[in-house]
Amino acid sequence: MQKYSQEVIDEVKKMDILKYVSQYVTFEKKSGLYFGLCPLHNEDDESFAIYPDSNSFYCFGCTRGLS
């Protein structure tokens, strides 16, 4: 059973993840990717990466992501 309607999922997919998360996280651009502290857990190293070409993210620390 799907937790959210397809309409809600489609609206979220249209969002610019970098623009939205940048309201809460400071990013540094490295090789076309944006790295910052993960907003999903406490950390000291920048392990949260945003991939602007695919409008997705991945945290190498807590292994959460959106592809």
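Q: Leaving aside neighbours within four places in sequence, what is Val 21 in contact with?
A: Val 21 is in contact with Phe 27, Pro 39, Phe 48 and Ile 50, where contact means heavy atoms within 4.5 Å. This is a predicted model: local features need pLDDT of at least 70, side-chain atom pairs count only at pLDDT 80 or more, and totals for chains, interfaces and linings use all residues. Residues are numbered from 1 along each chain as its sequence is written, and side-chain values use heavy atoms, with hydrogens and water left out.

Q: Is Val 21 buried or exposed?
A: Val 21 is buried, at 12% relative accessible area. Buried means under 20%, exposed over 50%, and partly exposed in between, with a 1.4 Å probe and protein chains only.

Q: Which helix is Val 21 in?
A: Val 21 lies in helix α2, residues 17–21. Helices (H or I, at least four residues) and strands (E, at least two) are DSSP runs, numbered from the N terminus.

Q: Now the sheet. What is the strand order?
A: The order is β1-β2-β3-β4-β5, in an open sheet with antiparallel pairing. Two strands pair if DSSP finds at least two bridges between them.

Q: Which strands are at the edges?
A: β1 (28–30) and β5 (65–66), each pairing on one side only.

Q: How many bridges join β2 to β3?
A: Three, between residues 33–36 and residues 48–51. Phe 35 stands opposite Ala 49 in β3.

Q: How many disulfides are there?
A: Zero in the whole structure; a disulfide is a pair of cysteine sulfur atoms within 2.5 Å.
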